[in-house]
Amino acid sequence: MRLRTTLAILRKDLALGPRSPLVAWALVMPVLMTLLVHGVFGSLFDARPRVGVVDPGGSELAAALLDLPELDSRIVPDEATLELLVERHDLDAGLVIDVGFDEALRAGDRPALPLFVSGESLASNRVIVSVTTLDLIRSVEGRSAPVTVEVVTTGDAQDLSMVERLVPLLVLMAMLVSGVFVTSFSLVEERERRTLEALLVTPASLTDVLVAKATLGLVLAVAMGTVTLALNGALTGSPAGLLVSLLVGATMAVMIGLVYGVISSDARSLYTLFKSLNIILIGPVVFYLFPEWPQWIAKLFPTYWFLDPIVAVTTRGSTLSDVAPDLLVALAICAALAVLVGALGRRLGGPSVQA
Amino acid sequence: MTQSRPSTQTTPAISVQDVRFSYGSREAVRGLSFEVARGEVLGFLGPNGAGKSTTIKMLTGQYRPSAGRIELLGSDLARHREELQGLIGVCFEEKNLYPSLSGVEHLRFFARLHGVKDLDSEALLERVGLATRGRDRVAGYSKGMRQRLMIARALVNDPEVLILDEPSDGLDPVSAQTIRGVIREQAEGGCAVLITTHDMWEADALADRVAFINEGKLFALDTPEGLKLAFGKRSVRVRVRLASGEVAERVVELDGEESAEKLAQATRGGELLTIHTDEATLEDVFVRMTGRGLA
């Protein structure tokens, strides 16, 4: 491999990048997907009931509701607005707390507390809002609860929201589009336009071409994986663990891209390959969406071995040493793919090509 | 040029010795041997499927011969491929350019691959008549402009061996003349040039020698004049208006010392109207030798 020729090809690909619809898509797609998930599905899948409170008198009940993390509460200026919001199902429920509510409660009166409930809200949300409100009223009144409820969480202990469960899908998609699609299309384009032939009669070798394509995909995949995590507020945890996990993931993505690129003789066969094999690539994300499914099945998919370390570092606080065993498996898969690229790559220049 | 020159000036620039190549069980090139000297233009002619493209792929290092030896500039191509690829220029028949790059960007990119740092891309584009369109993207180029850019691309490293596959393909007569001028300049500068073409007139005008290849074998290699003399018809067609007003056409075979006298006789006895030589073309020679055309 010659560094000069590799860099020259990489520089050319970087110049062509902004003019390529695929690279533009790789850059824009994570942002669009994130906006879609948060803007459209975010509120639909948010597990917390949404409560509006009209509180002209500054009641302790309103303050307590706003403090509760289990509820998505907010102050609404007046009763008419509240009713409208509930009717439109922008809120699951709405409370109107009159001026002097707290004092009347403590004096032993039974003040009215209008509660608007959306007909489209989930039954569970209505129950949660009602019970929580009654519990808080007792607290404002100065009385303790008659029983102590012991909460036992079953199933997924982390209790991730649907949006949080979609983050692995977004990260994986961002890395696959950049690492697999951009790399393989770039290589197939060189073959289809016969420009690969023009490169291979210069001092550039096939290895130089493949390394340049892989480098572009690697940089894009790491960058877009990082951007996607940042957009979703998941750029947290051990920096070393996250960086190494992203690098290993990007490496696997470009290796898969190179395998696709050397197998496919043209764009049509590449599309067919994507359609046929992409389930293998994105398979693991299903198990994040449905944590009740047997999680060991996710380990059968190659991308699991870098995706789970990314999720572990960003959501479970794992460190590099915690995720190292999984990353080693991922690296072993990368090495096997590299051997495959080397073997299949000989086909690229024609019979008896000298790579 | 940054690469070292591995050979002396006396060795042939291209030496092909008993080279063979097979696609599976089909032998495409069968024991081909020829040489091209520095400063020489060799026309490589043959019908489709004759083995020309396979030979070019072997000469450019894309294919490895199954037998035989290829030397470029005195060095074994199999052993010094990358070094020698830095010293050759190749123009493909296929217009394999990047549509999104401009002409200038193409030349700079390929110059970087060759390690050429001081390329004057504007001057090179000027040579092939593309100076005014150098900053435009290739997607907007006509077929002829793409072909001229391909020629310029083959010259970015000031090659010692130039291999051109159908260099005039898609060019209008004026552009084709410009490109022939560029090829001649390269040869006069000491570059060995191998061109394949279907244009027999171009081969005749441009090539110092012509190689005929058919079914993977070389069966004639000589100057165009030599081939035409050896295999063509040598005759003169004379038209004379006789005293009776009738126009007579006489064919004089140029086959001996008496040819001049025969020609003089043919022009007598009336008003001489026209004299046409009936010289064979290279295509005539090829058809006569192989029993098939060049298409």
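How many residues does helix α9 of chain A have, and how far does the helix reach from its first C-alpha to its last? Hello everyone, let's start there. Helix α9 of chain A, residues 206-231, has 26 residues and reaches 37 Å, close to the 38 Å expected at 1.5 Å a residue. That expected span is 1.5 Å times one less than the number of residues. Helices here are DSSP runs of H or I with at least four residues, strands are runs of E with at least two, and both are numbered from the N terminus.

A quick word on the source. This is a predicted model, where local features need pLDDT of at least 70 and side-chain atom pairs count only at pLDDT 80 or more, while totals for chains, interfaces and linings use all residues. Residues are numbered from 1 along each chain as its sequence is written, and chains are lettered from A and ligands numbered from 1 in the order in which they are written.

Back to α9(A): what follows it? A:Gly233 does, with a positive phi near 65°.

Now its partner, helix α1 of chain A, residues 3-16. The axes of the two helices come within 8 Å and cross at roughly 45°. Axes are lines fitted to C-alpha atoms, for helices over the stretch in contact, and angles run from 0 to 180 degrees between N-to-C directions. That angle makes α1(A) oblique to α9(A); under 35 degrees counts as roughly parallel, over 145 as roughly antiparallel, 65 to 115 as roughly perpendicular, and the rest as oblique. Among the residues that meet are A:Ile9 and A:Leu10 in α1(A), and A:Val209 and A:Ala212 in α9(A). In contact means C-beta atoms, placed from the backbone, within 7 Å.

For another pair, look at helices α10 (residues 239-263) and α14 (residues 320-345) of chain A, which pack at about 20° with axes 9 Å apart. They are therefore roughly parallel to each other.

Let's move to chain B and B:Thr196, which sits in strand β8, residues 192-196. Is this residue buried or exposed? B:Thr196 counts as buried because it has 23 C-beta neighbours inside 10 Å; the cut-offs are 20 or more for buried, 12 or fewer for exposed, and partly exposed in between, with C-beta atoms placed from the backbone. Leaving out residues up to four places away in sequence, B:Thr196 touches B:Phe44, B:Lys52, B:Ile56, B:Asp165 and B:Glu166. The C-alpha atoms of B:Thr196 and B:Asp165 are 5.0 Å apart, though 31 residues separate them along the chain.

Finally, where the chains meet, the contact takes 25 residues from chain B and 24 residues from chain A. On the chain B side, α3(B) gives the most, with six residues.

Key. Contact = placed C-beta atoms within 7 Å.
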